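This report describes selected secondary-structure elements and how they are arranged. The sequence and the structure are shown first.

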Amino acid sequence: MNKFTPEYIITMKDIVKEGSDILRKKTEEVNVPISIEDKDALQCMLQFLKNSQDPSLSKKYKLRPGSGLSANQIGLDKRMFAAYFEDGQKVNEYMLMNPKIISHSLNMIYLPQGEGCLSVDREVDGFVPRYERVKVKAFDITGKEVIFKFKGYGSIVIQHEIDHLNGIMFFDRINKENPFKLPENVEIESLN
């Protein structure tokens, strides 16, 4: 029985921490049409992100703010994630299953302050190079195949979550010798 029912409120105690095996394995594809359990879990994940960005709810439940949450971060071996972020003036929300990057830009971007992760409770210094634009094919919560294009911050969030589903942590992409060294022979700029 899945504990992630519509009434369930995900808190930091549900978040799997770095070092856990499930964060290092490639997650299992989700069956389509999507099961009620998977739908409920995805909706719980999206609600967590909304709560985490709401000042009063994040304080009440002691949540760290997040823009994305993958299923393996709450202990589910499933290829799905939720994302909730502002890009410009628009708030974007996604619940995607079996996502695949089908194309990406050559030029790259990075967050000048570095990336964080709900599963990582420590500061990790360094730049994480990401593609500036990605095109992603996935299934939405209704089981329909969808294609989305992301750029800028949205592109970073989506790549971070897809990495999770592949067992890759954001700090794996930081240059080991020099955390602030950026890839050469590629156009890369800071996302302000």
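Helix α3 of this predicted model spans residues 153–165 and, with 13 residues, reaches 19 Å from its first C-alpha to its last, which is close to the 18 Å expected at 1.5 Å a residue. The helix is mostly covered, with 12 of its 13 residues buried; among them are the aliphatic residues Ile 156, Val 157, Ile 158, Ile 162 and Leu 165, and the buried set also includes Gln 159, His 160, Glu 161, Asp 163 and His 164. After α3 comes Gly 167, which has a positive phi near 75°.

A positive phi also belongs to Gly 143, at about 90°, in the turn of the hairpin that β6 and β7 form with 5 residues between them. Strand β6 covers residues 133–139 and strand β7 covers residues 145–151; the two run antiparallel and are joined by 7 bridges, and Val 136 has Phe 148 in β7 as its bridge partner.

A further element is an open sheet of 3 strands, in the order β5-β4-β8 and with mixed pairing. Its edge strands are β5 (130–131) and β8 (188–190), each of which pairs on one side only. Strand β4, residues 108–110, runs antiparallel to β5 and is joined to it by 2 bridges; here the bridge partner of Met 108 is Tyr 131 in β5.

| Strand pair | Direction | Bridges |
|---|---|---|
| β6 and β7 | antiparallel | 7 bridges |
| β4 and β5 | antiparallel | 2 bridges |

Conventions: Residues are numbered from 1 along each chain as its sequence is written. This is a predicted model: local features need pLDDT of at least 70, side-chain atom pairs count only at pLDDT 80 or more; totals for chains, interfaces and linings use all residues. Side-chain values use heavy atoms; hydrogens and water are left out. Two strands pair if DSSP finds at least two bridges between them. Helices (H or I, at least four residues) and strands (E, at least two) are DSSP runs, numbered from the N terminus. The expected span of a helix is 1.5 Å times one less than its number of residues. Buried means under 20% relative accessible area, exposed over 50%, partly exposed in between (1.4 Å probe, protein chains only).
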